[in-house]
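Student: I am new to this structure. Please show it to me, and I will ask about it piece by piece.

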Amino acid sequence: MGKTMIKVVFVFLCALMVSSAWAQEQIPEKPKVLVVYYSREGHTKQVAQELAKKFNADLEQLIDKKKRIGPIAFSAAGKDAVAGNLTKLEPLTHDPQQYEIILIGTPSWFGNVTPAVRTFITQHDLSKKRIGVFGTTHLTGVENALSQAATLLAPDRAGEIPSLPLRHRDLVPEVLPSKIDAFYQQLK
Ligand SMILES: Cc1cc2nc3c(=O)[nH]c(=O)nc-3n(C[C@H](O)[C@H](O)[C@H](O)COP(=O)(O)O)c2cc1C
């Protein structure tokens with residue numbers, strides 16, 4: 001190979017390296033997504049896990065230090081939710097500030113957000129984040145609970161926050177994936 005040929009190959013390789021570095025800079029990284037949820041009986045957890053798969057997200061389960069299982073605890077849980085009481089949470093395992101999109105999930109308790117989720121929202125400044133809310137109920141109240149969550153998160157743009165309200169009958173393979181897909185499209 002002559003000297004000129006070597007020079008041509010060298011220049012070509014340099015150009016290739018520069019253009020591939022430039023291209024890498026141009027491709028925006030996928031936003032980091034965190035799914036934060038509270039679940040007492042597992043329904044909201046099921047949805048959170050499906051959302052984490054769809055969004056390629058990390059999962060943060062909120063653990064309420066207050067006992068929520070058993071008849072007396074059930075009644076106290078309802079009262080706390082209706083009164084808008086806060087609670088004490090176990091420390092988080094992820095830092096929400098490291099994420100661009102945060103999906104927040106709650107069961108509906110008499111049409112209210114759970115104390116654990118209310119506490120999470122109150123303790124973190126999420127005003128700069130893209131937010132979606134999701135929730136489950138047996139039959140009633142989930143739309144109200146999610147609109148309450150959205151208002152706590154951003155009173156001035158609560159109506160714009162994508163929302164995924166679900167009933168137990170929706171948590172089946174014939175229904176859930178399409179609802180999650182519609183939610184995903186809203187947040188993309
Ligand atoms: C304190 C409390 C209040 C509830 N209130 C209602 C209600 O008003 N209407 C309803 O259909 N389900 C109600 N539920 C049922 C939950 O909303 C439903 O089972 C939800 O999917 C539970 O989510 P989880 O399994 O993630 O804990 C209530 C449950 C609890 C513990």
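Student: What does Phe110 count as, going by its C-beta neighbours inside 10 Å?

Tutor: This is a predicted model, in which local features need pLDDT of at least 70 and side-chain atom pairs count only at pLDDT 80 or more, while totals for chains, interfaces and linings use all residues. Residues are numbered from 1 along each chain as its sequence is written. A residue is buried if 20 or more other C-beta atoms (placed from the backbone) lie within 10 Å of its own, exposed if 12 or fewer, and partly exposed in between. Phe110 has 14 such neighbours, so it counts as partly exposed.

Student: In which loop does Phe110 lie?

Tutor: Helices (H or I, at least four residues) and strands (E, at least two) are DSSP runs, numbered from the N terminus. Phe110 has a positive phi near 50°, though it is a residue other than glycine. Its place is the loop between strand 3 and helix 4.

Student: Is Asn56 buried or exposed?

Tutor: Asn56 is not a glycine either, and its phi is positive, about 55°. This residue sits in the loop between helix 2 and strand 2 (58-61). Within 10 Å there are 10 other C-beta atoms, so Asn56 is exposed.

Student: How many helices and strands does the protein chain have?

Tutor: Read from the N terminus on, the elements run α-β-α-β-α-β-α-β-α-β-α. The count is 6 helices and 5 strands.

Student: Which residues of helix 4 are buried?

Tutor: Helix 4 spans 115-123. Its buried residues are covered by parts that include strand 1, helix 3, strand 3 and helix 5. The buried ones are Pro115, Ala116, Val117, Arg118, Phe120 and Ile121.

Student: Which members of the largest nonpolar core touch the most other members?

Tutor: A nonpolar core is a set of buried Ala, Val, Leu, Ile, Met, Phe, Trp, Tyr and Cys residues joined through C-beta atoms within 7 Å. The core has 33 residues, and those with the most contacts to other members are Val35, Val36, Leu51, Ile104, Val117, Val133 and Ala149.

Student: Which residues does Ala149 touch, not counting those up to four places away in sequence?

Tutor: Two residues are in contact if their C-beta atoms, placed from the backbone, lie within 7 Å. By that rule Ala149 touches Ile104, Thr106, Val113, Val117, Ile121 and Val133.

Student: Why is strand 4 largely enclosed by the rest of the structure?

Tutor: Two strands pair if DSSP finds at least two bridges between them. Strand 4 runs parallel to strand 3, joined by 7 bridges, and parallel to strand 5, joined by 5 bridges. Strand 4 is largely enclosed because the buried share of its 8 residues is 7.

Student: How many residues surround the ligand?

Tutor: A residue is near a molecule if its C-beta atom lies within 6 Å of it. The closest are Ser39, Glu41, His43, Thr44 and Pro107. Helix 2 (43-55), helix 3 (71-83) and strand 4 (130-137) each supply at least two residues of the shell. The number surrounding the ligand is 21.
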